[in-house]
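Have the viewer open and follow along.

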Amino acid sequence: MSESDSPIDISTDAPGDDPGGGDSAQRTRPQAVVVRCEQLTKIYGRGDIATRALDRVDLELRAGEVVALTGPSGSGKSTLLHILGTMDVPTSGSATVLDHELGRLDDEAASVFRNRHLGFIFQFFHLVPSLTARENIALPGRLAGRPRAECDAVAADLARRVGLGEHLERFPDQLSGGQRQRVALARALLNSPALVLADEPTGNLDHAAGGEVMDLLIRLGKEEGVAVLVATHDPAVTGAADREIALLDGCRVEGPRAGAPADHAAAPRR
Ligand SMILES: Nc1ncnc2c1ncn2[C@@H]1O[C@H](COP(=O)(O)OP(=O)(O)O)[C@@H](O)[C@H]1O
Ligand SMILES: [Mg+2]
């Protein structure tokens, strides 16, 4: 995956060069804004039973930063991921990814956009049981119409980078939980997305396996210049992220690790 192929080679109002040090890839490019939400509001139901799942949320994510999305159950984390994942639409306000306002995409455009620019990682992996690790990883490329040989080559490269090189021909039920989540991570990156959305990616893993998956997600996210938003209850995940976006009752609140995007986007990994 060369730099010129990257979908995030845009530079809307990015800050000046080298906002905070970091590796050479981070230094040579300003941190492009990948996601911008303005007064994003989602109300489910109406009248007495209306639930304000998101309440005027403003946020920005930049290329190469890993952000923990925290808050108690019911605070709106999944709703935000669903809207950014084009699986739901805002009631008011806007969510923009790569200059596409998501609420304006029709179903077909949303599906193309999702496959081209987004990667997903779920708590329960969501691998296709009848496909090998290699086929699972390559699947988003095949769905995007890319040639099989190209998808297989990218899949093999990503599998190597997540430490699954020897297990490419295994089926999901022949892999441990940590290995399955590494397949899901490689799959999420197959089409060089601009944004990876992860909903409790360590929630079904033991501490060691969860830590490995997070280390890989952070390392590969930075290598690929991807913005990563991770909904989590896991303090280790929040601690490993560049910063935190905390929600309470659908509103953004100051979490302990809140910070300005540009301050952290290019920070060296801990
Ligand atoms: N499809 C839906 N219909 C009605 N209410 C919903 C729906 N999805 C979520 N909610 C409500 O929105 C609020 C936020 O939920 P959610 O985004 O799932 O929170 P979290 O992921 O932080 O646990 C909750 O009160 C939840 O019950
Ligand atoms: Mg949730």
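## Gln179 and its helix

Gln179 sits in helix α6; helices here are DSSP runs of H or I with at least four residues, strands are runs of E with at least two, and both are numbered from the N terminus. This is a predicted model, so a few ground rules apply: local features need pLDDT of at least 70, side-chain atom pairs count only at pLDDT 80 or more, and totals for chains, interfaces and linings use all residues. Residues are numbered from 1 along each chain as its sequence is written, while chains are lettered from A and ligands numbered from 1 in the order in which they are written.

Is Gln179 buried or exposed? Gln179 counts as buried because it has 21 C-beta neighbours inside 10 Å. The cut-offs: buried takes 20 or more other C-beta atoms within 10 Å of a residue's own, exposed takes 12 or fewer, partly exposed is in between, and C-beta atoms are placed from the backbone. Setting aside neighbours within four places in sequence, Gln179 is in contact with Leu164 and His167, where contact means that the C-beta atoms, placed from the backbone, lie within 7 Å. Phe125 is 54 residues away from Gln179 in sequence, and the C-alpha to C-alpha distance between them is 10.0 Å.

Two strands count as paired if DSSP finds at least two bridges between them.

Asp199 stands opposite Ala231 in β8.

## Positive phi in two loops

Glu200, in the loop between β7 and α7 (207-224), has a positive phi near 50°. Glu200 is partly exposed, because 19 other C-beta atoms lie within 10 Å.

Asp249 lies in the loop between β9 (243-248) and β10, and its phi is positive too, near 50°. Which class does Asp249 fall in, by its C-beta atoms within 10 Å? Asp249 is partly exposed, because it has 15 others in that range.

## Around ligand 1

The shell around ligand 1 consists of Tyr44, Gly45, Thr51, Ala53, Gly71, Ser73, Gly74, Ser75, Gly76, Lys77, Ser78 and Thr79. To be in it, a residue needs its C-beta atom, placed from the backbone, within 6 Å of the molecule. β2 (51-62) and α2 are the elements giving two or more residues, and α2 has the largest share, with 3 residues. By class there are 2 nonpolar, 9 polar and 1 charged residues; Ala, Val, Leu, Ile, Met, Phe, Trp, Tyr, Cys and Pro count as nonpolar, Asp, Glu, Lys and Arg as charged, and the others, Gly among them, as polar.

Helix α2 (residues 77-84) is mostly covered, with 6 of its 8 residues buried: Lys77, Thr79, Leu80, Leu81, Ile83 and Leu84. After α2 comes Thr86, with a positive phi near 60°. On the strand side, β1 (residues 33-44) and β2 run antiparallel and are joined by 8 bridges, with Tyr44 opposite Thr51. The two strands form a hairpin with 6 residues between them, and Gly45 in the turn has a positive phi of about 70°.

## Whole-chain numbers

The protein has 9 helices and 10 strands, and 46% of its 270 residues count as buried. Among contacts between residues at least 6 apart in sequence, 70% join residues at least 24 apart.

Mean pLDDT (the predictor's confidence in each residue, from 0 to 100) is 87, and 84% of residues reach 70 or more. Over residues 1-27 the pLDDT is below 50, and this stretch has 49 contacts in the model beyond near neighbours in sequence. Residues 262-270 also have pLDDT below 50, with 32 such contacts.

Definitions and conventions: Two residues are in contact if their C-beta atoms, placed from the backbone, lie within 7 Å.
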